[in-house]
Amino acid sequence: MRALLHLDRGWIFLLSVIGVAMFSTVCLDQPFVSGWVFPSDRFVGNALLILWPAAMILGFLIGCRDQLERTTEYLIHRPLHPSRIFASRVVAGGLILAAWIVLPLLVWMASGLASPNSALAEWGRFFEYLALDTIGLPALALGLLTALLPGFLPLRLIVGSVVSLGVMSASYRILQEGRAGLPLFVTFNVLSAGALLVAARRCFVAVRDSDRPFSGAWLSTCGVLIGATSVIAAGVGLCLLQDEIQRELSYDYPQLFEVEPGRVELVAPDRTSWKGWFLAGEDHALRDEPVEIGGRPTWGVSNLMTGVNPFWLELDARWRDEGRRILTGPWGSAWLDAGSGQVDIVTLAPADGSSRPSRRRVARPDGAVFSPEASAPEDTYRNRDRSRLFIGDPADGTIWELEPGRGDTAFRRVELPGGDVFVDWITRYDWSRGALRDLLDRKDVFAVEGRNAIHLRTDQGFETLDGAVAAEAVRAAFLERVRVDTLDPVTATVHAHDENGKEIFSHEFLPRTGRERALSMALHAASFLRSPFLGVVSYLRPSPLASYRNAVLIDPLLAGGKRSGFLLALLGVGYGLAWEIHRRLRKRGAPASRAFFWAALVFLGGVSVYIVSFLVETPGAYRKVRLLRDEEAPRCLLRSSLTLPPQPENVS
Amino acid sequence: MSVPFIQFHDVYRHFGGKEVLRGLSFEIGRGEIFALLGRNGSGKTTALKILLGFLEPHHGEARILGASSHTLSPDLRERIGYVGEGSRLYSTIRVQDHVAFEAATRKAFRRDFAEKAIDRCGLPRKSLVGVLSRGQRAQLALILAVSAEPDVLVFDDPAMGLDVVMRRELLDVMIDLLSEKGCGVLFSSHILTDVERIADRVGILHGGRLIVDATLSDVKTRLERRLWTGSSPGLAPPPVEALLVSRRRRDGQELLLLDAKPEDLATLSNGGARLSAPEPLSLEEAFLLLVTDGGEAGILPRSQEVSS
């Protein structure tokens, strides 16, 4: 292996240098402070959005290296076992990837040594960044596999891209767990890279021969592995797609609105002209009756079905350090240590180095510490109280303030009007309170949601907002009286009650308009691309699911034993595809066992495995040899008989 | 019992719908230099790839050094030298690094021999392989293959694309190296003058099978070309057992005869026809006559097996 690595040292060095330069630029583009003193979540994005494709391209190049130089036969003819050759390629890729990951980090760290704020740096984050960068491992392995897969290059690239989407989405989902998910993230990356490398090794053959079938041994390991990977990848990809469709559908449904006490109606905006909100009928068609809903929030079925954020927004990986939360604002910066509940005020040294950086701890005068749920309003109050740090703690309902610039050494308690207690901050970035923002018609909302009222920060302190209180109260009261007795991505039956518990409204949300039906059909059509086997698993799952994002491989359309007819149709599709591939392979001359193997795999895996079968089972693989009869064969005109010398000893 | 170094036994291979090899069978013994000839696409490279295990046949078997080709162990590959089509080597490393790589991956590789040969050929040791000319690269590939002291050497058209001078230089190197080794050699080529200089035996691949598998001397002595002129224009020569091919020329019919007996010649001369004396026949001319006119199945009158 050493000889092979020595042979490859030229391009290993070249690719390493290119990658190190690129990733060093990316690292150095971020201020040292934001990486090592107040880490932002941008590094997560860099790892996922830059390292992933770069590592995948690297793996692809390594896999294609001998194909590009047309030295495959020369290499295979070395008296070396193919596993050693493959291993040397993997090691070469690993070395390059390690250089890409480690050296730019070291460069970044070295750049910080000259920074006046290096004393505040947390160098231990190096290992955290390393852990994040393990995402390069499955990407490298997937690139390698894509290069070595049999079949036409465009088809291989499609399969590689789909699997890439699946693996990357899974990584994103794990990263949403924050730092607590890092061990799982690293484990997932290592295991998925290992599985992909096993598949790639199985594809590492001397010459891609589309005129011969793969061996049974290859098929029983690699074929199944690729099939399973494609099912998972398709599941994740479809999850993303269906989540989008589902949210579109749920947003299309009308919302509930308590027009007057005891009277609940369906309301929906006029989306064609945006002329406002109108009452909607049972068939979800808008009636010519405008409704003034003002800023009052209403209840939408979308709240139940999909939550608030689109999937892709959640994939943005809000990756906060729950252990040490960084509080920043116009007043400066602080660390809120969730473990100890203490707050450290951090003062960075100015760029000119005129003063030294500092870090001092401030405590609450009551001697208590902040709970892990304590939070500060984000950088939202630009025009008010710029110099103050506020921390609200919902555990004991208190709000504390500090003016670091004034040299405060302890927090001061802030009282809310009427003795109200702190529940949460309301800021202009708080989209879930968009209606409140509209109601206040202010861009610099800085308010507190108290247990009894909403309190707006003014020059004089916190003032209670009557209108908002009313709105919130109505909303809260109304929401408590809404009950949904189905859990489903498409349908929901909603009941609303009055204060006495009497049902005043009931509606079954179903696709009723043309657009709703089209979206529902798209949702069902996408589910037809899922694995029939997983469809059965979903169907047998005891509890239903409302959303596609809750369990990637489980189909919420079927979860909890729903839609038996759809399940039968899905099985029918699986059976149809299985029958087709069985017929096709038998017609081509494949042995019955091979045809049955694929039929079973396609029946279980569905469309994604069916596509994979096209990669593996090429049209000419089973073409029968037509042996020539003596009379039709070109005959040898002139033959000198071979006089063989005695057999040398070393010929077996 | 002696075992041929190389054996093809009823090998069939197709690519898509195109049948390339159709029952290829031949053997090469120890110390023989066998040239595999054929037109473009006749299956020479396919045969060599099957022999070295890069491709599997759809029927039949190829064996090398007594082992089946598709189960060649690293130890057996150690004993087989191979120069592929276009003499592909790693272009981004230096000549001396290639020598070092070979030395590290082949136990029997004689580094000093290779370095001397490289110097003898005037190849710049410190140059990148990629900047060598095609001929120099072919020489280097040849040296590397021979330096491991293989029992069998397989070359796939080593002189392809080289000009006359480079080809001659390569051939000299080949003769020079092989004279010291005495191993079995199978090579394919389009350059029949080169084949005549170096090969002991030739095989002409046509229609997926060998239509000639003979020593060079057999080809030259048993095949003869004569000009036949009939008593009237348009007449075809009478069918005789020795007649392989007849081709119209302006002044008559050009005949290719194999092991022509006096009675065959007498038959051809009957009825006022004239038969010229044998004309000199090079391997290239024989090849052209065989593969352009006489090679198709059914045209040929008979199979002839002659002991040399």
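**Stop 1: two domains.** Select chain B and colour it by its domain assignment. Domain 1 runs over residues 6–207, and domain 2 covers 217–294. Keep in mind that this model is predicted.

**Stop 2: the distance between them.** The centres of domain 1 of chain B and domain 2 of chain B are 36 Å apart.

**Stop 3: where they touch.** Now look at the contact between the two domains. Domain 1 of chain B supplies nine residues, and domain 2 of chain B supplies six residues.

Which elements give two or more residues to the domain 1 side? Select 192–198, which is α7 of chain B, and then 201–206, which is β9 of chain B. Of the contributors to this side, α7(B) gives the most, with four residues.

Next, colour the side of domain 1 of chain B that touches domain 2 of chain B by residue class. Five residues there are nonpolar, two are polar and two are charged.

**Stop 4: the whole chain.** Zoom out and switch to cartoon view. How many helices and strands does chain B have? There are 10 helices and 15 strands in chain B. The C-alpha trace of chain B spans about 70 × 40 × 40 Å along them.

**Stop 5: burial and contacts.** Chain B has 308 residues, and 50% of them count as buried. Finally, turn to the contacts in chain B between residues at least 6 apart in sequence. Of these, 71% join residues at least 24 apart.

Technical notes. Residues are numbered from 1 along each chain as its sequence is written. Chains are lettered from A and ligands numbered from 1 in the order in which they are written. This is a predicted model: local features need pLDDT of at least 70, side-chain atom pairs count only at pLDDT 80 or more; totals for chains, interfaces and linings use all residues. A residue is buried if 20 or more other C-beta atoms lie within 10 Å of its own, exposed if 12 or fewer, and partly exposed in between; C-beta atoms are placed from the backbone. Two residues are in contact if their C-beta atoms, placed from the backbone, lie within 7 Å. Domain bounds come from an automatic or database domain assignment. Ala, Val, Leu, Ile, Met, Phe, Trp, Tyr, Cys and Pro count as nonpolar, Asp, Glu, Lys and Arg as charged, and the others, Gly among them, as polar.
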